[in-house]
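Work through the exercises below with the structure open. Try each task before you read its solution.

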Amino acid sequence: MQHLHVFNSLNRQKELFEPLFPPRVGMYVCGPTVYNDVHLGNCRTFVSFDIIYRYLLHLGYKVRYVRNITDVGHLVGDTDEGAESKVDKQARLEQKEPMEIVQHYTNGFHQMMQTLRTLPPSIEPTATGHLLEQIEMVQAILKNGYAYINNGTVYFDTAKLIANFPDYGKLSGKKVDELIAESRDNLKHQSDKRHPTDFAIWIKADPNHLMKWQSEWSLGFPGWHLECSAMSTKYLGKEFDLHGGGMDLQFPHHENEIAQNIGACGNSPARYWLHTNMMLLNGRKMSKSDGNNVMPKELFSGNNGFFSQPYSPMSFKFLLLQTHYRSTLDLTEGGLESASKAYQRLMKLYQTLLNISPAAQPDAAADAEISLFVKKAAEAMNDDFNTPEVLSLMFQIAPRINDGFIAKASAQQLDALKTSFRQFLFDIFGLYDETEADSQHQDSHLLAATLDLILKMRAGARARKDFATSDLIRDNLLSIGIQIKDSKTGATWEKI
RNA sequence: GGUCGGGUGGCCGAGUGGCUAGGCUCAGCUCUGCAAAAGCUGCUACAGCGGUUCGAAUCCGCUCUCGACCUCCA
C-alpha cells in the first residue's frame, strides 16, 4: 500500500485517505470528561490517536488536531430533566467549586498524557469556554426545524431528521426501522421527549444545579453531544477530515453529533470516523463499579491488587503498540511482562544499531534487506496504522543487526535504517528510552554502590597489608576526582 | 431480546485464499572461566462440524462460545 488507508467506521472498510484540503488535515478527537482521574482505557484511546496524529505529521501533513475537554454537560443519568452533571456531582462530593474539580482533573490528565509521551493537541477547547457557540448551534437547529422546546429544555427531533436524512444510524449500524419500532414500544415511558432517540441539546437546570447559564430557553446548560459539534465546527469547519474516539462513543454520542451537524449545518461533519477498541482487564471489561479496574498510577507504581510488580509507562505503551487499535486489548500480567521485556530489547537494539559503522565494501544483500524493511514498514503503517506489524518487522531484522550482517551495508543504506528506526520509535510511536532518561537519577545510585564495593575491596587489601593495591585504588580514584578519607570507622569518599 | 465484532500454538498478539508474523515463556545448542548479552534450533497453531476451491486460519452455512453496543463510559 503506497498511500495511507484508514478504516472508516462509516462504511466499515478501509478507504484511501484523501484530505479535503491537502496538505492540511483537520482531526477531532473526543477528549475526557474531567470529573475523575483518567483511566487506562482513556489512555489507550489518546495514545492511539497520538500515534495517528504523529504519523500524519510524519507524512508531511499540516494537521490541526483538536481534542476537547468536557467540563460540563456530561450527565450521570438519563438526559431527562433532573439528571445530574458528572462534574457537578463530583464537586458536591468533594465539596469544591465545579471549576476546581475541572482544573484538578485536567491537570492530572495532562500529566498522564505527558507521562505517556503524547503530543499536546493543536487546540484543546473546553465546553464551558464555548457556551456562545453552543447556544448559537441550538438556535440554528431550532431554526431549521430539527428541535423542539419542552419545559425550557430543547430536544433534538430525531424522527424529523430520519424523515429527511435516512442515513441516521449509519455510523453505529443502527437501522432506522428498528429505532422507530423501538420508539413505539417505549413511547409511553417518555415524559418530555417525543421519541426515545431524541436527546437534549439544551437542558433546563434544576435549582440546586451548580453550573448553569442563562439562555432564551431557560437557565440551564448544554447537552453533552453538543459541545463536540459546536467546537469541531468552529475550529475545523463544517466539514473536516478525521473524527475519532473510543468505540463506546460511536452510539449515541457520535451518531448524535452527526445529527446535530446536519441539523445546524446541513451536512455530516467528518469524512472519516475512526474508533479505537476497548481495553479489558484479565478478560473482563474494566469497570470501577465492580472493582475490575486499575488506574495508570497504580499500574506504574505496582500498588494494585492485580499485578505482582510495577510496569513502566513505556512498557504499557509498548503493549498498546503490539495490539492494533481496532482490536480489544486484554491487560494481563503475562502481556505486560512480555511487552516490558520486548520494549527493553528494542531499545538496546537501537543502541546497537547506532554504533554500527558502514562497511568499506558494501554487500548488496545487506542493502537489499534494509530496503525491504523500510518499504514494508511504510506499507504496514499505511495500512490503517498497523503498528504491531512494524514492530514485527523490527524484530525480524534484529538478528541481522546483532550478528553484524547489517554492518556490511553501504553508508547510505545504513543511514536509512538508522533514520527509519529513529522515526518509528521516537517520532511516530513516541517512545523514549526509560533507562537513559532515568540515568541521571540512577547514576548517583550506581556511583555510590560501585564505590562502596571498591572501598570494601580496598579494606580487604589493607587487612592483608597489601598496601600496593590499596594505594593504587586511592591514587587512581584521586586522579579521576574522588578523594578517599580513611578513619577509625572505615573509609568514606567525596567528589573533589 | 436486538445489532455488531471476535474465538489463532504454554501466554500475548498480527495476518483475509497458496509463500505457514512477531514478542514473551519453555527446552536445547554455540560462544563463554562462570554468568549475562548475542546467535542458532525445537515446541509449527488457527473453536467445532459441513460446504466452495486444485488449494482456506482466511470465502459460505450451521453449532458452540466470548465480548462490545443498545443506558453514563475512551
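**Exercise 1.** Which domains does the domain assignment of chain A give?

*Solution.* The assignment gives domain 1 (18–276), domain 2 (281–436) and domain 3 (438–495). Such bounds come from an automatic or database domain assignment. This is a predicted model, where local features need pLDDT of at least 70, side-chain atom pairs count only at pLDDT 80 or more, and totals for chains, interfaces and linings use all residues. Residues are numbered from 1 along each chain as its sequence is written, chains are lettered from A and ligands numbered from 1 in the order in which they are written, and side-chain values use heavy atoms, with hydrogens and water left out.

**Exercise 2.** At what angle do the axes of helix α4 and helix α8 cross?

*Solution.* Find α4 at residues 131–143 and α8 at residues 250–265. Helices are DSSP runs (H or I, at least four residues), numbered from the N terminus. The axes come within 7 Å and cross at roughly 70°. Axes are lines fitted to C-alpha atoms over the stretch in contact, and angles run from 0 to 180 degrees between N-to-C directions. The two helices are therefore roughly perpendicular (65 to 115 degrees). Now list the residues: M137, A140 and I141 in α4 meet Q260, N261, G263, A264 and C265 in α8. By class, that contact has 5 nonpolar, 3 polar and no charged residues.

**Exercise 3.** Which residues of α13 and α14 meet?

*Solution.* Helix α13 covers residues 387–402 and helix α14 covers residues 411–428. Their axes are 12 Å apart, at an angle of about 140°. From α13, V390, M394, I397 and I401 meet L417, F421, F424 and L425 of α14. The classes are 8 nonpolar, no polar and no charged. Ala, Val, Leu, Ile, Met, Phe, Trp, Tyr, Cys and Pro count as nonpolar, Asp, Glu, Lys and Arg as charged, and the others, Gly among them, as polar.

Note on methods:
Angles under 35 degrees count as roughly parallel, over 145 as roughly antiparallel, 65 to 115 as roughly perpendicular and the rest as oblique. Contact means heavy atoms within 4.5 Å.
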